[in-house]
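Biologist: I'm new to this one and would like to learn how to read it. Could you show it to me and take me through it step by step?

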Amino acid sequence: TWAAWNYPVRLMACLACAAAIRGAFPQHHYSWIAVAVALLTQRQSDNLIAKLSQRALGVAAGVVATEAIAIHPLPGWALVAIIAMLATLSPWLRNRSYVAYTAATTPLIMLLTSGGETIGQGLLIDRLIATLIAAGLVITAFRAARRLMPRPSPDNRRPG
């Protein structure tokens with residue numbers, strides 16, 4: 001049925017575009033587009049635009065926070081303390097504000113994957129751009145699916 005195929009078709013289309021963009025721009029860190037697509041693509045379209053907007057705002061704030069935290073190499077104890085604080089706050093923030101949750105998890109992920117090294121501004125900008133590209137892909141796929149995928153007629157719906 002339309003409902004059964006809508007989500008996997010949208011996800012597959014977005015992941016294919018993400019792979020093509022990553023391949024077209026190998027000098028950038030655009031593998032994050034696929035991760036963001038997987039995080040942002042939802043089965044249900046409820047509040048899609050709001051969630052994508054909140055994600056973009058949260059990542060932008062998280063990129064700024066990461067830049068402030070990791071502009072210089074951190075001593076090990078400081079890195080551990082910051083990571084512990086962000087990891088502790090993340091579940092609490094997720095239940096209160098998706099923007100704040102995303103703003104906290106962006107530096108958490110970036111610090112964990114950096115191995116304590118200085119995080120270049122290019123990587124941070126690529127992460128923000130990748131998130132915005134992913135949001136655009138998810139919105140485009142959602143709108144295209146609404147136009148192209150057949151919807152069941154009222155006569156063909158199952159009772160119940």
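Predicted model: local features only at pLDDT ≥ 70, side-chain atom pairs only at ≥ 80, totals over all residues.

Biologist: Is L74 buried, exposed or partly exposed?

Modeller: Buried means under 20% relative accessible area, exposed means over 50%, and partly exposed is in between, using a 1.4 Å probe and protein chains only. With a relative accessible area of 25%, L74 is partly exposed. The C-alpha atoms of L74 and T118 are separated by 8.0 Å, although these residues are 44 apart along the chain.

Biologist: Zooming out, how many helices and strands does the chain have?

Modeller: There are six helices and zero strands, so the pattern along the sequence reads α-α-α-α-α-α. Of the 160 residues, 35% are buried.

Biologist: What is the mean pLDDT of the chain?

Modeller: pLDDT is the predictor's confidence in each residue, from 0 to 100. The chain has a mean of 86, and 89% of its residues reach 70 or more. Confidence is lowest in helix α3 (residues 48-70), with a mean of 87, and highest in α4, at 92.

Biologist: How far does α4 reach from its first C-alpha to its last?

Modeller: The expected span of a helix is 1.5 Å times one less than its number of residues. α4 has 19 residues and reaches 27 Å, close to the 27 Å expected. Helix α6 (residues 121-148) has 28 residues and reaches 40 Å, close to the expected 40 Å.

Biologist: Which residues of α4 are buried?

Modeller: In α4, the buried ones are A78, L79, I83, L86, S90 and L93. What covers them includes α5. In α6, the buried residues include L124, A134, L137 and F142.

Biologist: And which residues form a nonpolar patch on the surface?

Modeller: Like charges are joined within 9 Å, and nonpolar side chains (Val, Leu, Ile, Met, Phe, Trp, Tyr) within 5 Å. Here M85, L89 and W92 form the patch, with about 300 Å² of accessible area together. Such areas come from the Shrake-Rupley method with a 1.4 Å probe, and for residues only the protein chains shown count as cover. M85 belongs to helix α4 (residues 76-94) and is partly exposed, at 45% relative accessible area.

Biologist: What does V99 touch, leaving out residues up to four places away in sequence?

Modeller: Contact means heavy atoms within 4.5 Å. V99, in helix α5 (residues 98-114), touches Q54, L57 and G58. V99 counts as partly exposed, at 26% relative accessibility. Across the chain, among contacts between residues at least 6 apart in sequence, 74% join residues at least 24 apart.

Conventions: Residues numbered from 1 in each chain as written. Heavy atoms only, no water. Patch = residues over 30% accessible without salt bridge, like charges linked within 9 Å, V, L, I, M, F, W, Y side chains within 5 Å. Salt bridge = Lys/Arg side-chain N within 4 Å of Asp/Glu carboxyl O. Helix = DSSP H or I, 4+ residues; strand = E, 2+ residues; numbered from the N terminus.
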